[in-house]
Amino acid sequence: MRTWFITGGTPGGFGLVYAEAALEQGDQVVVTSRRPAELREWAESHGDRVLVLQLDVTDADQVRTAVKAAEERFGGIDVLVNSAGRGWYGSIEGAPDETIRRTFDLNLFAVVEMVRAVLPGMRARGNGWIVNMSSVAGLVGALGFGYYAAAKFAVEGLSETLRQEVEPFGVRVLVVEPGAFRTKAFAYFQNEDVNEVVDAYVPMVESVKAAFVDHDGKQAGDPVRGVRAVISAMNAPVPPKRIVLGNAGYDVVVAMHENALAELRANEKLSRGADF
């Protein structure tokens, strides 16, 4: 039996889907949320295999307290799923400073705090999994979500180096890159104002918002199937380093890599000519 620590347990998101999948296979779970009362009825139906903790992942002290509580309850954490996160729309030039900071606080620095909090226990036991929820936007820039993409690109780079550092201790790292999935992620945008500092970008940002609002509830990605794919990847004889989820996302990422490789090769002479 493994113990999972899952952030971002808001109903309607990936977090609870991970928790339910873990429970289905006989594991026990710690689920965190800023509003744990929303999970009370769900948790009660699963008995003592579930621990719900209040946690704002952007608060480092709360992170350490939550990890300690989980370790005391279940004896250790075998799988960390960094599922908490979301984006705010805005242009690179015209997004308010506060939006930029909270984007990185939630999508990058919170991941760092969680990883640093669970690693001592994982290293001591000589095993563990860290599953970092990135995004297709962490590989391919997303118009109107530049800072979200930048934070997810950073998660990608962080995970690549982390994987090398913790492998000798028996800890594995998987990066998950979903495309558009039918969670409540797009629903947040309906009632949020467009707060652009530079007027020239307002039409672009408004059109991006409208597209996401219109697409809410129509996303092709099934969170349940997505999580099953992640667990299958973790259980594979040779687990992948990353997995893209969804048809559209897969096609976009493959096209990006193929175009990048073609461009790299087209400029090979310039690249190789830069050495002494």
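User: At roughly what angle do the axes of helix α4 and helix α5 cross, and within what distance do they come?

Analyst: In this predicted model, the axes of α4 (residues 97–125) and α5 (residues 146–166) cross at roughly 15 degrees and come within 8 Å.

User: Why are α4 and α5 called roughly parallel to each other?

Analyst: Angles under 35 degrees count as roughly parallel, and the axes of α4 and α5 cross at roughly 15 degrees, so these two helices are roughly parallel to each other. The crossing of α4 past α5 is right-handed.

User: Which residues of α4 and α5 meet, and how many are nonpolar, polar and charged?

Analyst: On the α4 side the residues include Ile100, Phe104, Leu108 and Val111, and they belong to a contact with α5 residues including Tyr148, Ala151, Lys152 and Val155. By class, this contact of α4 with α5 has 16 nonpolar, two polar and one charged residues.

User: Which residues of α1 meet α7, and what classes are in the contact?

Analyst: Phe14, Val17, Tyr18 and Ala21 in α1 meet α7 at Pro223, Val224, Val227, Val230 and Ile231; by class, that contact has nine nonpolar residues, with no polar and no charged ones.

Terms used
Residues are numbered from 1 along each chain as its sequence is written. This is a predicted model: local features need pLDDT of at least 70, side-chain atom pairs count only at pLDDT 80 or more; totals for chains, interfaces and linings use all residues. Side-chain values use heavy atoms; hydrogens and water are left out. Contact means heavy atoms within 4.5 Å. Helices (H or I, at least four residues) and strands (E, at least two) are DSSP runs, numbered from the N terminus. Ala, Val, Leu, Ile, Met, Phe, Trp, Tyr, Cys and Pro count as nonpolar, Asp, Glu, Lys and Arg as charged, and the others, Gly among them, as polar. Axes are lines fitted to C-alpha atoms, for helices over the stretch in contact, and angles run from 0 to 180 degrees between N-to-C directions. Angles under 35 degrees count as roughly parallel, over 145 as roughly antiparallel, 65 to 115 as roughly perpendicular and the rest as oblique. A crossing is left-handed if the near helix is turned anticlockwise from the far one by less than a right angle, and right-handed if clockwise.
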